[in-house]
Amino acid sequence: MRAVTPDEILNLYDYEKVRDTRRRAVIALKAERRVEVGRYLSFVFENHETVWFQIQEMIRAERIVDEARIAEEVEVYNALLPRPGELAATMFIEIGESAQIKPVLDTLLGIDVGGHVRLQVGGQVVPGLFEAGHSDEERGKLSAVHFVRFPLPPAARRAFPDAEAALVVDHPGDPGRTVLTPAVRRRLAEDLA
């Protein structure tokens, strides 16, 4: 997948002129790339457009105008893009009631280790590989946002466009299985192409 380059990033003034239109387009795109599993988990599969938008929003929020700082943001966010042969997603733990945040996060400790999150493509099982640093079981801390990669072996990549594909979570804190809709599978197949 093509990385975002600093020359694609709009300055603050130009971004404000197109922000509403681009924001609506990315919200619609993310809806086609979002998969909910269980009661609390949702996965948004990242691509060039979703990452570009996140960079623009960060630059807007922090009022970054220095070219070196913009290049740093681009480098950091490009790490969210899938590498060849893989899918990459941001996993959100979404808890509606503020009083439930800590209890729910406590029940989900360890979700990012031990192969609890998997992608099934036909008969192939692809364990999710989580980015380190978002949890600390010893201190009972778990972030509500995680980044996970699914490196598909060649057989799973070939089968992906036509086979049933599902996200599976077998963690006792929030187990679930969600079959990807044809629209989501079509979008993700584009990422693998």
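This is a predicted model: local features need pLDDT of at least 70, side-chain atom pairs count only at pLDDT 80 or more; totals for chains, interfaces and linings use all residues.
A189 touches F160 and P161, leaving aside residues up to four places away in sequence. A189 lies in helix α6. Another residue to look for from here is D162. A189 and D162 are 27 residues apart in sequence, and their C-alpha atoms are 9.6 Å apart in space.

Stay with helix α6, which runs over residues 182–192. Which of its residues are buried? They are V184, R185, L188, D191 and L192. These residues cover an arc of only 110° around the axis, which puts them on the same side of α6. Now turn to the face of α6 that points away from the buried side. That face carries the exposed residues P182 and R186.

What covers the buried residues of α6? The cover includes three strands, β1 (34–37), β2 (41–45) and β3 (86–93). It also includes helix α5 (154–159) and strand β10 (165–169).

Next comes helix α1, residues 12–31. Follow its axis to V18. There α1 bends by about 55°. At the start of α1, look at N11. A side-chain oxygen of N11 reaches to within 3.1 Å of the backbone nitrogen of Y13. The buried residues of α1 are L12, Y15, R19, V26 and L29. Helix α2 (48–62) is among the elements that cover them, and so is α6.

L29 leads on to N47. N47 touches L29, and it also touches M1, R33, L81 and D191, not counting residues up to four places away in sequence. L29 is one of the buried residues of α1, and D191 is one of the buried residues of α6. Where does N47 itself lie? It is in the loop between β2 and α2. Is N47 buried or exposed? Its relative accessibility is 11%, so N47 counts as buried; the cut-off for buried is under 20%. A polar atom of the N47 side chain lies 3.1 Å from the backbone nitrogen of E49.

H171 is in the loop between β10 and β11 (176–179). H171 has 5% relative accessibility and therefore counts as buried. Its side chain has two backbone partners to find. A polar atom of the H171 side chain lies 2.8 Å from the backbone oxygen of L109. The side chain of H171 also reaches the backbone nitrogen of G173, at 2.9 Å. What else does H171 touch? Beyond residues up to four places away in sequence, its contacts are T107, L108, L109, G110, I111 and H116.

Finish at the largest pocket. About 170 Å³ of space lies in it. The lining of this pocket has 12 residues, and the closest to its centre are Q54, L80, T90, F92 and V145. Which strands each supply at least two residues of the lining? They are β3 and β9 (145–151). The largest share, 3 residues, comes from β9.

How values were computed. Residues are numbered from 1 along each chain as its sequence is written. Side-chain values use heavy atoms; hydrogens and water are left out. Buried means under 20% relative accessible area, exposed over 50%, partly exposed in between (1.4 Å probe, protein chains only). Helices (H or I, at least four residues) and strands (E, at least two) are DSSP runs, numbered from the N terminus. The arc is that of the directions from the helix axis to the C-beta atoms. Contact means heavy atoms within 4.5 Å. The bend at a residue is the angle between axes fitted to the seven residues ending there and the seven starting there. A polar contact is a pair of N or O atoms within 3.5 Å; within protein, one must be able to donate a hydrogen and the other to accept it, and residues adjacent in sequence count only if both atoms are side-chain atoms. On a 1 Å grid over the protein atoms alone, a cavity is a set of points where a 1.4 Å probe fits but cannot get out, and a pocket is an open set with protein on both sides within 12 Å along at least five of seven lines; lining residues have an atom within 4 Å of a point. Grid points are joined across faces, edges and corners, and a volume is the space filled by probe spheres set on the points.
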